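Hi,

Here is the structure I promised to pass on.

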Amino acid sequence: MLIRRLLLALGAALAMPPPGASAQWRAEAEAGGAVLRQDGLADARAFTLGLRAFRETGRRSLGGSAVAALGTEGGWSTFTQVAAIERTTPGPLEGELAVAGSLFGLRDGGLVPTLAMRPRLLAFRGDWGLGASFEGVVRQQFGRWSSAAALEGGGWRLLGRWRVEGTARVVFTEEGIFRVRRIASPTPPITPGGPQPVDDGEQPIPAPGPGIFAVDTLFGPRRYGEVEATARWAHAGAELVLQAGLRRELDPGERWRPYAGATGTLPLTGRWAVVASASRRLDEPARGLPAASVGSLGVRVALGPGAEEARAPAGARVDLARRDGARRLRVRGVDGATRVRLRASFLAWEAVDLVREAGAWWMPASVPSGAHRIAVQVDDGAWVAPAGLSREADEFDGEVGLLVVP
Amino acid sequence: MRRALGPLLLVACAAATMRAQDAAPLPAALATVADSAVRAGVRRGPLEAKAWEGIRKGAPEARIAGVLREQAVRLAQAEQAIGARASDAEVAAAAEALRAGLAVADLRSLRLAAGEQSLLVPCGVLTQLLARGVAAPRALDAMRTLLLRRAADRQFVQVGSGVEAEAARGGSASLALDRGVRGISVALPAGGGGTNPADRTSVPMPGGR
């Protein structure tokens with residue numbers, strides 16, 4: 001169970017980026033550890049290693065991911081996924097079709113293929129929009145197919161650096177089963193809807209050691225509704241995603257059950273970042289996932305073109321502003337600095353000390369029209385591309401920001 | 001009076017600084033590489049600017065020499081694609097677009113769409129878009145659309161800034177580009193044609209050819 005749940009948790013983190021995400025192609029590798037907690041079972045831990053690659057060409061996106069997990073209890077498993085998105089011509093109303101196929105391989109559990117298809121309709125209105133989708137999922141294990149369908153609708157709005165999204169969905173599933181091997185409590189309690197130790201019958205699974213059980217999670221036919229809110233903040237490579245929701249079975253007498261999760265990415269230097277997540281999830285019968293609490297911590301390294309994304313110190317931002325009648329470069333977001341320097345293509349890359357005036361740092365000369373490359377240095381630190389500008393690697397192992405002045 | 005003279009003095013200081021750097025000789029090894037390329041027809045200004053970039057950034061001479069040779073090839077390709085009448089800055093911007101992933105044929109198509117209009121700002125914005133991860137065909141199509149509709153430089157910059165703002169907020173650069181081009185296109189006349197490559201034949205050739 002550990003491996004299965006962890007892989008899907010990581011699978012979500014490594015899944016396809018949103019449509020139109022800014023990359024021609026990009027790859028990332030991630031290594032870390034995770035802890036999973038389920039009712040009635042001992043906590044479990046695993047080491048994880050993941051690789052993801054993604055390419056966007058015009059209106060098509062294609063991506064793949066592979067994750068391997070090694071549980072401290074001796075289990076292991078792998079998860080591979082390929083997904084493709086095809087979009088219609090961009091406009092106020094856009095359509096897209098996403099198809100994803102995955103294979104789950106785990107010790108003693110065989111291969112579990114899953115195929116999901118999701119057509120989606122999106123309406124853009126400036127800094128907000130609406131969307132609606134249908135998703136169909138089929139999954140096979142132990143020679144038995146099960147299916148699920150979900151209808152979803154929602155909207156989003158951009159608020160500064162935040163993207164806030166609200167979603168409502170209804171999910172219908174057939175009955176299903178998923179088996180993993182887990183360390184269980186000496187006498188695993190049997191709770192309705194929870195992990196059930198069962199006798200395999202036709203395919204007995206030998207117990208590799210004391211306290212290790214084959215655990216099947218059984219899902220009956222389900223109908224439930226969810227309302228969910230997601231807030232995403234991103235700035236200079238850092239990212240925070242908060243999610244919370246409520247679920248209620250569509251049967252009389254049922255009550256709302258909450259779930260929540262948070263994921264954070266903190267850029268270190270160059271192409272490295274720390275990724276952490278914590279969540280309390282309800283079961284996902286469509287994908288055979290039981291309810292669990294998961295915490296993970298890992299290190300991610302970006303590969304491929306554009307991966308070198310060194311960050312400007314503490315949000316040093318460059319823009320153009322008029323001062324003393326001239327169009328001058330201004331650096332903000334470095335209030336505590338004692339010295340800020342700038343070098344640029346239009347200055348033949350000679351470093352220029354900026355002057356502190358009116359709460360910002362100003363270049364003591366006007367900026368000519370043209371396509372310029374610039375870098376800033378704060379308190380004799382590294383030369384980096386300012387935040388907020390497109391950046392590219394130069395030919396001398398550095399990076400520069402791109403500024404075009406009409 | 002002080003306020004009026006301030007910006008003039010600043011501009012004069014900057015210009016003097018740049019002239020002094022332009023006049024400084026390159027180290028002998030780099031000068032040899034540059035002279036060789038110039039004799040082959042490559043423009044000296046943008047080539048030496050690349051050399052100075054390496055020098056100011058403290059790169060070893062051998063590395064700079066290698067970069068200069070590559071830059072010479074790109075500058076020659078860029079000039080051939082966008083025309084000998086282009087300014088040094090224009091050719092340099094086109095060469096940087098090549099380095100960012102554009103093809104020489106793409107530059108030619110931009111020139112066809114631009115007619116006599118300078119490609120300095122369009123190439124700069126195009127490089128920005130590529131750096132933001134917009135797919136090259138998509139970025140090229142957007143720039144060509146704006147050129148065909150005779151968009152002003154500030155409108156190119158407006159599109160680029162919109163993409164950067166959207167990307168900084170975590171949104172889609174590609175979709176922001178499409179929205180930006182659409183927003184500007186509706187305010188412009190139809191110009192020399194649409195985005196269909198077949199329309200390019202109706203665009204005046206550089207120099208009225």
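**Helix 4 of chain B**

Helix 4 of chain B covers residues 61-82, 22 residues in total. At 1.5 Å a residue it should span 32 Å, and its end C-alpha atoms are 30 Å apart, which agrees. Bear in mind throughout that this is a predicted model.

The buried residues of helix 4 of chain B are Ile64(B), Val67(B), Leu68(B), Gln71(B), Ala72(B), Arg74(B), Leu75(B), Ala78(B), Glu79(B), Ala81(B) and Ile82(B). An α-helix has 3.6 residues a turn, so residues three or four places apart point the same way. What covers the buried residues of helix 4 of chain B? The cover includes helix 2 (28-39), helix 3 (44-56), helix 5 (88-100) and helix 6 (104-114), which belong to chain B. After helix 4 of chain B comes Gly83(B). Its phi is positive, near 105°.

**The two chains**

Chain B has 10 helices and 0 strands. Its pattern along the sequence is α-α-α-α-α-α-α-α-α-α. Of its 209 residues, 49% are buried. Take the contacts in chain B with a separation of 6 or more: residues 24 or more positions apart account for 66% of them.

Chain A has 1 helix and 26 strands. It has 406 residues, and 36% of them count as buried. For chain A, residues 24 or more positions apart make up 57% of the contacts with a separation of 6 or more.

Helix 9 of chain B runs over residues 153-168. Its 16 residues should span 22 Å at 1.5 Å a residue, and the end C-alpha atoms are 22 Å apart, in agreement. Its buried residues are Gln155(B), Phe156(B), Val157(B), Val159(B), Gly160(B), Val163(B), Glu164(B), Glu166(B) and Ala167(B).

How do helix 7 and helix 9 of chain B cross? Their axes come within 9 Å, at roughly 10°. That makes helix 7 of chain B roughly parallel to helix 9 of chain B, because angles under 35 degrees count as such. On the helix 7 side, the residues are Val121(B), Pro122(B), Val125(B), Gln128(B) and Leu129(B). They meet Asp153(B), Phe156(B), Val157(B), Val159(B), Gly160(B), Val163(B) and Glu164(B) in helix 9 of chain B. The residues of this contact between helix 7 and helix 9 of chain B divide into 8 nonpolar, 2 polar and 2 charged.

**Sheets in chain A**

One open sheet of chain A has 5 strands in the order 21-20-24-26-25, with antiparallel pairing. Its edge strands are strand 21 and strand 25 of chain A, each pairing on one side only.

Strand 20 of chain A (residues 340-344) is mostly covered, with 4 of its 5 residues buried. It runs antiparallel to strand 24 (residues 370-378) of chain A, and 5 bridges join the two. There, Ala344(A) has Ile374(A) as its bridge partner. Strand 20 of chain A also pairs with strand 21 (residues 352-353) of chain A, in the antiparallel sense, over 2 bridges. Arg341(A) has Asp353(A) in strand 21 of chain A as its bridge partner.

Another open sheet of chain A has 4 strands in the order 18-19-23-22, again with antiparallel pairing. Strand 18 (317-323) and strand 22 (355-357) of chain A are its edges, and each pairs on one side only. The twist in this sheet averages 40° from one strand to the next. Strand 22 of chain A pairs with strand 23 (residues 360-366) of chain A over 3 antiparallel bridges. In strand 23 of chain A, Trp362(A) is the bridge partner of Val355(A).

**One residue to look at**

Ala68(A) lies in strand 3 (residues 60-71) of chain A. Is Ala68(A) buried or partly exposed? It counts as partly exposed, because it has 19 C-beta neighbours inside 10 Å and buried needs 20 or more. Gly50(A) is 18 residues from Ala68(A) in sequence and 6.3 Å from it in space, C-alpha to C-alpha. Leaving aside neighbours within four places in sequence, Ala68(A) is in contact with Leu49(A) and Thr78(A).

Best wishes

Technical notes: Residues are numbered from 1 along each chain as its sequence is written. Chains are lettered from A and ligands numbered from 1 in the order in which they are written. This is a predicted model: local features need pLDDT of at least 70, side-chain atom pairs count only at pLDDT 80 or more; totals for chains, interfaces and linings use all residues. A residue is buried if 20 or more other C-beta atoms lie within 10 Å of its own, exposed if 12 or fewer, and partly exposed in between; C-beta atoms are placed from the backbone. Two strands pair if DSSP finds at least two bridges between them. The expected span of a helix is 1.5 Å times one less than its number of residues. Two residues are in contact if their C-beta atoms, placed from the backbone, lie within 7 Å. Axes are lines fitted to C-alpha atoms, for helices over the stretch in contact, and angles run from 0 to 180 degrees between N-to-C directions. Angles under 35 degrees count as roughly parallel, over 145 as roughly antiparallel, 65 to 115 as roughly perpendicular and the rest as oblique. Ala, Val, Leu, Ile, Met, Phe, Trp, Tyr, Cys and Pro count as nonpolar, Asp, Glu, Lys and Arg as charged, and the others, Gly among them, as polar.
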